[in-house]
Amino acid sequence: MNKSLLCYLALLLPMILVVNDAMAQKTVEGKVTSSDDGSPLPGVNVLIKNTTRGTSTDFDGNYRIELLEGEENLVFSFVGYSTQEVEVGNRSLIDVTLMIDINELQEIVVVGYGTQEVRELTSAISTVDPEEIVKTPTGNAMQALQGRVPGLQIVNNGAPGAAPEVRVRGFGGFTDNDLNTNNEARPLFVVDGMFVDNIDFLNTADIASISVLKDASASAIYGVRAANGVILIETKSGDFEQATQITYDGYYGVQVAQDVLQMANTEQFANYIRQTGETSELELIDNAIGRFGRSRVNPNLPVTNTDWYNEIIRDAAPIQSHSLTITGGTKQARYSVGASYFEQDGLMDHMRNSYERLNFRAKVDAIATDWLTVGGNVTLSNATQFLADDAAWFQAYFAVPTLPVFDELNTAADPIRHGNAQTIGYRSRQNPFFVIENNDDRNNIGKIIGNFYADIELVPNKLSFKTSYNYFYQNIVTRNVNFDFSDGVLATRNELTRINNRDYNQISDNILTYRELFGDHSLDVTAGYSFRSEVMEGVQARGVNIRTIDRDDESTWYIPDGSEINVDETFDTGAREFGSSYFGRVSYSYKNRYLLSGSYRRDGTNKFQEKWGDFFTISGGWVVTDEAFFDVPGIDFLKVRAGWGQMGNDDVAPAIGQTTFEQISVPINDQLVTGVQPDNVFDIIDRWETVEETNIGLTARFLNSRLSLEADVFRRDTEDAVLNVEQRGTGEEPRRNAGAIRNQGVEILLSWSDQVNSDLSYNISANLATLDNEVLSVGDQPFLLRGSDAFRQRSEVGSAVNEFYGYEIVGVFQTENEITNSGYTEAFITDNDIIPGDFFFRDQNSDGVIDANDRVFLGSFLPSYTFGVNLGVTYKQFSFSAYLQGQGGNTIMNRKRGEIIFTQDTNIDADLANNFWTEAGSTNEYPSAAGYRKSYNNSILNEFLLEDGDYFRVQNVRLSYLFDNKEVLGLKLPRTTVSITAERPLTIFDYNGFNPEVVNGVDRQTYPVPAVYTFGLNVQL
């Protein structure tokens, strides 16, 4: 496919160059200077009016542009200066002087069902420059926003094609019991009008704008799906009267595993076993010597010294992206068509784990009459994702280093003689290669996203009506194959699971917009109706003991007729949800100085007992610098704003509200009989889960707009939150509207940009966001629990959601005298056999024993602050940028260490092996090796398993060079930018794991997030 694409480009580009040359009519050049001091202005945008075709001035302020027949006007624009339009006429040399304009903020921002100037915004809305997004080599554009928007938390996953976790202003719901889902915090993504759950189908080079709607007054117009914030995305389009323009954007690079966790080697492992005093496990080391041989360096150790992470992680994994976009337009129509290809291999070696995506997109707008504009866009996305088995990461942590990957003596193993720890006396085989080489998991993902609209101008420049139809189709076909093999002890048979999930969603929006200017007053009124239909269908089948599967012939990887079916894992499911909404918004301004906006939305859904909800917002702004009394040197623009609003949330599972029947199968007389069983304890969700938010902020510009400030203070309360409530005497926990959660914090964005001279400019920005998450109610029950005692999380009034809950550690007992004077009762010390090297837990109630009454809250998985710093320098044709980001105040549970309660004959990490307590004064943080295994020290969650999740990261470093109207070896190059990029080259953290990015704070098996190094190329014709 790559070769075909290259051949196509090779044939297409010369033809387009010829066409462009033939259409060119005249050339205009000149110089742009500042009215302030007459200095040249580099980087000024020079556009042909009513097109997106143009150029920019070089570092001496010079420009050169070609105009086609009929193109008569040039538009010059630059940040901090008034935009100027110049008629060309018969001139070929045009010099322009731009006037400083520090009072107008005319940048257009996409908001709900419309656009607004930055100056007019009264809500908390952040935008991200698309040029910043494409600097990040990624298959999901949200990863590129990490640390760039205050209040937006991105938690990455290194698996190919994996979508990151996205949270806007905290966490507003109670997760389910297994902590694997996180829908309560998921924002709404709106791509060209369509609602989607993630944007894994989008190529970053196709994005024209991203707006993050953070507060209720900004988001509420989108209704019940917007309770956790909105990410608005518009894709690129052409422009009217624009000559054909072709853009290629691509990169190729490698991914390298970062901060690979160091495990105990054979010597460290043997020392650990000796310290535990477990003679039976010392015999297992001798068994390894007898089977695999002695080390020549230390004859008391086996020759085997396997670094399992090194064995399963590849040295470098390739990543590449290529996109081709063609834009243009006539007086009546504009278009943008393109194709993109993205490929990413995973870090796990010896197993297919990769992601490949091919996209086609087309976007067309046409002026049908002077009162009717129609248009639409379609994106077709086809992806193949091979998934690494997470169990391999888990097993690599626990596999003993005394076991080799291959064992020729394991003759019963088939088809490969992998080492099996059971052959030397361990309870499990441990070797992750049995998982890696005998599983193949694949997702085929097809998506169609479409938007079609008609915009009717009923009264010119005043009243318009827009109707649109948005379409989303997704089909995911999953195939999981487990091949038959023998590990030398136990044989398994072929098994195959097939899952087909289909989503078919439609949204119809009908919007009436009225605009009026009368004197110093302006009015903008929007009213609309929206209908949403979401259909989900799924089927799963699992076949076992399939003899026709040939691991070397993928055409046999199906469930044939007559196969043995696992009935417990074979089922059909489906659901259909409707949403109907009426909404309106009124925006008013007086002298463009006093700003007021309000919205109302009435939402209906078929998901809950209460079908309808009414939600309101109001916000206002005051441009203080427009007042006659305000004359403060250095302050160019100052606006204060405030907003309040409510939003309903239906991003929770539907509530049936009546007795349900579950199909079950039970054995009767050696026969499997299928029947139904009633469940009389059911969910009752009789009120809307409602988010109420207050936001106060300011926008300011200083020192000729070189310094800018955005600051917000917010409080977001989720009321009537859905959670499980224990029904006494039944053992059941149906859902009720019983919870309440508060998220509050401060967000600050500070930016500085300056032009030092004609050759040198620079910019720097920094953002900081704080977050305080607090549970306000869990209903009539005293608390809400998650996890077992050994890994307890708890929510109660005053705590954070799912905060870690357990014993606080004073230190490690150093001597018998410390134990005697600890305050513990003699009976408690004796019953628990407490000795030096055990933990000294804090006796919170001073009753002399450590029990459930001594547990306290130990930290939240949510960071209390996040930050980002962006640096940029441009010198002549060179551009350099560096982006730094991080977070702090959150806690990670290192559950891998906690698994010692389930099995003890496994390996440990090197940090643990090197720091065990050995004698008085050796450490006051780590227990002894024997103590690490004792029930007293690890049966209840305590601070030892909890670590700081703080980190600082160099997120992105990029160096680029622009070839503009340059000749190389006598060949005139098109506008070409070459770049080299390092993504995540350095992360500094103390957590004892691959990386500190853990979605829900519980690290049991986490795919490494790699560093990425790429070479990029952008060509514009």
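Is Asp720 buried, partly exposed or exposed? Asp720 is partly exposed, because its relative accessibility is 25%. The close-ups below come from a predicted model.

**View 1. Arg687 and Asp720 form a salt bridge.** Their side chains meet with N and O 3.2 Å apart. The pair joins distant parts of the chain, 33 residues apart: Asp720 sits in strand E37 (residues 707–724), and Arg687 in the loop between strands E35 (671–679) and E36 (689–702). Arg687 is partly exposed, at 34% relative accessible area.

**View 2. Asp754 and Arg706 meet in a salt bridge.** Here the N to O distance is 3.8 Å. Asp754 belongs to strand E38 (residues 735–755), while Arg706 is in the loop between E36 and E37, 48 residues apart. Arg706 has a relative accessible area of 31%, so it is partly exposed.

**View 3. Arg479 pairs with Glu554.** The closest N and O atoms of this salt bridge are 3.0 Å apart. Arg479 lies in strand E24 (residues 463–482) and Glu554 in the loop between strands E28 (521–544) and E29 (564–565). Arg479 is buried, at 2%, whereas Glu554 is partly exposed, at 32%.

**View 4. Helices H4 and H5 pack together.** H4 (residues 266–276) and H5 (residues 279–292) have axes 8 Å apart and an angle of about 155°. That angle is over 145 degrees, so the two helices are roughly antiparallel. Their crossing is left-handed.

View 5. Strands E47, E48 and E56 each give two or more residues to the patch.

Note on methods
Residues numbered from 1 in each chain as written. Predicted model: local features only at pLDDT ≥ 70, side-chain atom pairs only at ≥ 80, totals over all residues. Heavy atoms only, no water. Helix = DSSP H or I, 4+ residues; strand = E, 2+ residues; numbered from the N terminus. Axes fitted to C-alpha atoms, helices over the stretch in contact; angles between N-to-C directions. Parallel < 35°, antiparallel > 145°, perpendicular 65-115°, else oblique. Left-handed = near helix turned anticlockwise from the far one by under 90°. Salt bridge = Lys/Arg side-chain N within 4 Å of Asp/Glu carboxyl O. Buried < 20%, exposed > 50% of the residue type's maximum accessible area, 1.4 Å probe, protein only.
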